[in-house]
Amino acid sequence: MSAEATTDERASILLVDDMEDNLIALEAVLRSLNEPLVRARSGEEAMKALLRRPFALVLLDVRMPGMDGFETAANIKRLDQTRDVPIIFLTGAEDDSGYAFRGYATGAADYLTKPFDPWVLRAKVSVFLDLHRKTRQLERLLARQHGEDGEIGTRLAELEDQLAGGDPPDLAAMRARIGELRRLVDRGRTG
């Protein structure tokens, strides 16, 4: 995790594979990223985990009994709550060459074959974690901007009410309010 990341920016990674050895290998490669790693042994388990908490990324095995990786990915992309979670498909090198196309068509952000290069996997996961953090940061900035825009709108409405009133406006008070509005607008530009 980067030095600027805070506790709120911890980005959970969902590891989905029915084989214990594969989950152990993924954890060994990704442990150094210092992010929460959550296991799921099936597509059904993965969906339950995704509905319980947010994830920055899903590493999803293609071949699993029951709900396979493609069906799991389709379900992930179908739900509003999970549709934007990136998926990296993992599959054996001997699997059908059409799997990659099918994975991307199902909504995968990336596709790797096993055995995977640990450095490549860690680098790809790091990129998605950085994108997740930047997205959260942008959402916080937009929420703050939205709040400031609402405050400016409220203050403008108060000024309009004063001007529309039958009494002559208090020019000193109006200048002070306009100054407050100017500071709010300037803070929004530099914030």
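A residue counts as buried under 20% relative accessible area, as exposed over 50%, and as partly exposed in between (1.4 Å probe, protein chains only). The model is predicted, so local features need pLDDT of at least 70 and side-chain atom pairs count only at pLDDT 80 or more, while totals for chains, interfaces and linings use all residues. Residues are numbered from 1 along each chain as its sequence is written, and side-chain values use heavy atoms, with hydrogens and water left out.

Asp17 is buried, at a relative accessible area of 1%. Its place is the loop between β1 and α1 (20-30); helices (H or I, at least four residues) and strands (E, at least two) are DSSP runs, numbered from the N terminus. The Asp17 side chain makes a polar contact with the side chain of Lys114. Such a contact is a pair of N or O atoms within 3.5 Å; within protein, one must be able to donate a hydrogen and the other to accept it, and residues adjacent in sequence count only if both atoms are side-chain atoms.

Contact in general means heavy atoms within 4.5 Å. The table leaves out residues up to four places away in sequence.

| Residue | Residues touched (heavy atoms within 4.5 Å) |
|---|---|
| Asp17 | Asn22, Leu23, Ala40, Arg41, Asp61, Met64, Lys114 |
| Val58 | Leu14, Val16, Leu50, Val85, Pro86, Ile87, Ile88 |

A nonpolar core is a set of buried Ala, Val, Leu, Ile, Met, Phe, Trp, Tyr and Cys residues joined through side-chain atoms within 4.5 Å. The largest one has 23 residues, and Val58 is among those with the most contacts inside it. Helix α2 gives the most to this core, four residues. Apart from it lies another core, of 19 residues, including Ala11 and Phe128.
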